[in-house]
Structure formats: C-alpha cells, structure tokens
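The following exercises concern one protein chain and are to be worked through with its sequence and structure at hand. Each task is followed by a solution in steps.

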Amino acid sequence: MSRIGKSPITIPSGVQVSVADNNVITVKGPKGTLTEKLDRDITVSIDNGILTVNRPTDQKRHKALHGLYRSLLNNMVQGVTSGYVKVLDVIGVGYRASNQGNILELAIGYSHPIFMILPKEITVTTETLKGQAPKIKLESTDKQLVGQVAAKIRSLRKPEPYKGKGIRYTEEIVRRKAGKSAGGKKK
C-alpha cells in the first residue's frame, strides 16, 4: 500500500466535500471553493468526516495515482481552511516591487519596469520597509497556483551567487561564491 495514499484525510468543521458522478470532487470552505477531476479508476469515500482514497488494484499506475490524488485532496482541504502563502524578497540596489490590485510592477535592473497580471485567485501584497528588501506576499487557496506564480516571478531575476542580487523566496538560502581574487600574477 502507498503510505501516503492509505492515510485518511480528516475534514474540519465548516468544510464540505462532494463527489459528482463523473469523479469530480468539490471542496467548499471558509476561504473558497476548489474542484479536482480524479482518474476514473480512483474512488473516494466519505464517512463520519473522514475522506479516504481507494485504488482498485496494485498496478504501478494505480499506486502512483493513489498517493497523488490523496495529496491533492489534502492540499485542497488545507487550502480552503487556512490557505497558502509564499513570500519573495527582492534584493538589489534600486530594485522595487509594487502592486495595483492584481497587477505587480517590478523594477529589477532592466531598462524598463516589468508588469505582471496575476490570476484573480491570488491576492498579492507588497511592502517596502526602510533598510529592508521589498517583499512580495502571494496568498491563495490553490497550492499549485501559488507555487507556479511565485516560481514565475522568481524566474524574472534569479538570485545570482556573487552579490546575491535577485528575487528569492524568504526561506531560500543562496550559496555565495568568492569573487575574483585581489591582485594577479606580477611580471
């Protein structure tokens, strides 16, 4: 058995999980609603506030899908109850980040500012405190969407290893390299 797939998901109070005929699962909670279409072979059962994911056989494909869909459903339940947050730091002299609604404006060392229109499911906030790097905070109920948007923002200017400039996750550690050694060979 898949260790991840066989562990049950407890459904917190205030969260409703419903399964449609065509294997589409809808999770409603205080923060929003999420839906996921499951593979036709995977079945879901709900009883006494506990959601379990079942597979028909021990085929390699079924084992893989078993753990996958259990993790996706668990992420959906956590998303509609508490949500997901990713925080990015914009590090560099003159680097700025600001937002107008869901439009993110970045000044990150290029000749022009970069404007990104973020999906409506994500709420973005930016803060710039004196003496600290500007921060971009992304919040949503969908874990995959938050991670994907954060990765896209980070890819605009990845942190470089010499000075550490760029966009990085707050918890990310960037390995620094030594620069050129002072002085060279003398003739």
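**Exercise 1.** Which residues of the largest nonpolar core touch the most other members?

*Solution.* The model is a predicted one. Its largest nonpolar core has 22 residues, and those that touch the most other members are Leu 106, Ile 136, Leu 138 and Ile 153. Next, consider the elements that supply at least two residues each: strands E7, E9, E10, E12 and E13, together with helix H3 (143-155). Of these, H3 gives the most, with five residues.

**Exercise 2.** Determine whether Arg 96 is buried or exposed, and list its contacts beyond four places in sequence.

*Solution.* Begin with the location: Arg 96 belongs to strand E8, which covers residues 96-100. Its relative accessible area is 52%. The cut-off for exposed is over 50%, so Arg 96 is exposed. Beyond its neighbours within four places in sequence, Arg 96 is in contact with Glu 105, Leu 106, Ala 107 and Pro 134. Of these partners, Leu 106 was met in Exercise 1 as a member of the largest nonpolar core.

**Exercise 3.** Why is the chain described as more spread out than a compact globule?

*Solution.* The chain contains three helices and 13 strands. For 187 residues the globule rule gives 16 Å, whereas the radius of gyration is 22 Å; the chain is therefore more spread out than a compact globule. Along the principal axes, the C-alpha trace spans about 75 × 45 × 25 Å. Finally, 35% of the 187 residues count as buried.

Technical notes:
Residues are numbered from 1 along each chain as its sequence is written. This is a predicted model: local features need pLDDT of at least 70, side-chain atom pairs count only at pLDDT 80 or more; totals for chains, interfaces and linings use all residues. Side-chain values use heavy atoms; hydrogens and water are left out. Helices (H or I, at least four residues) and strands (E, at least two) are DSSP runs, numbered from the N terminus. Buried means under 20% relative accessible area, exposed over 50%, partly exposed in between (1.4 Å probe, protein chains only). Contact means heavy atoms within 4.5 Å. A nonpolar core is a set of buried Ala, Val, Leu, Ile, Met, Phe, Trp, Tyr and Cys residues joined through side-chain atoms within 4.5 Å. The radius of gyration is taken over C-alpha atoms; the globule rule is 2.2 Å times the number of residues to the power 0.38.
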